[in-house]
Amino acid sequence: MSFSVRSVPAVEQTVVEVQGEVDIDTAPRMRRALVDAADRGVPVLVDLGAVTFMDSAGFGVLVAAQRDVAAAGTTMRLRGVSGRIRQLLALLGLDAVFTVDPEEPIEVA
């Protein structure tokens with residue numbers, strides 16, 4: 001699967017959209033996008049809704065980004081976090097470190 005990361009800056013926050021597999025090869029690209037977002041000094045929202053896999057390199061990038069935004073005096077939230085990644089966050093004790101937006105309810109027609 002291909003990997004992409006896109007930063008969407010706005011006045012009130014920067015959204016960093018991540019897609020695909022986050023691993024040792026792709027994590028540096030995600031890291032650069034998050035460093036740039038933290039440097040803006042506004043809250044950062046990391047959209048992981050299209051992430052299909054994340055290994056320890058990806059979790060390490062998220063931890064480093066959390067430190068970066070705190071040092072910049074702002075905040076970071078995660079959204080679109082899959083059940084599997086939520087489980088891994090809990091296993092690693094990172095569920096207490098990150099603010100994870102609640103899952104949006106699925107509308108049934």
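Me: What share of the contacts with a separation of 6 or more comes from residues 24 or more positions apart?
Reply: Those residues account for 64% of the contacts in the protein with a separation of 6 or more. Contact here means heavy atoms within 4.5 Å.

Me: And what sort of model is this?
Reply: It's a predicted model, where local features need pLDDT of at least 70, side-chain atom pairs count only at pLDDT 80 or more, and totals for chains, interfaces and linings use all residues. Residues are numbered from 1 along each chain as its sequence is written, and side-chain values use heavy atoms, with hydrogens and water left out.

Me: OK, how many helices and strands?
Reply: The protein has three helices and five strands, and along the sequence they follow β-β-α-β-α-β-α-β. Both are DSSP runs numbered from the N terminus: helices are H or I with at least four residues, strands are E with at least two.

Me: What about the radius of gyration?
Reply: The protein has 13 Å, which agrees with the value near 13 Å that a compact globule of 109 residues would have. That radius is taken over C-alpha atoms, and the globule rule is 2.2 Å times the number of residues to the power 0.38.

Me: Switching to α2: what span should it have?
Reply: Helix α2 covers residues 56-71, and at 1.5 Å a residue its 16 residues should span 22 Å. The end C-alpha atoms are 23 Å apart, which agrees. The expected span is 1.5 Å times one less than the number of residues.

Me: Which of its residues are buried?
Reply: Ala57, Gly58, Phe59, Val61, Leu62, Ala64, Ala65, Gln66 and Val69 are. Buried means under 20% relative accessible area (1.4 Å probe, protein chains only).

Me: What do they pack against?
Reply: The buried residues of α2 pack against β2 (14-22), α1 (27-39), β3 (44-54), β4 (76-79) and α3 (83-91).

Me: What happens at the start of α2?
Reply: A side-chain oxygen of aspartate 55 comes to within 2.9 Å of the backbone nitrogen of alanine 57.

Me: And just after the helix?
Reply: Glycine 73 takes a positive phi of about 80° there. Threonine 74 then sits in the loop between α2 and β4.

Me: Is threonine 74 buried or exposed?
Reply: Threonine 74 is buried, with a relative accessible area of 13%.

Me: Which residues does threonine 74 touch?
Reply: Leaving out residues up to four places away in sequence, threonine 74 touches Gly41, Val42, Pro43 and Val69. Its side chain also reaches the backbone oxygen of valine 42 at 3.4 Å.

Key. Buried < 20%, exposed > 50% of the residue type's maximum accessible area, 1.4 Å probe, protein only. Polar contact = N/O pair within 3.5 Å; in protein donor to acceptor, adjacent residues only side chain to side chain.
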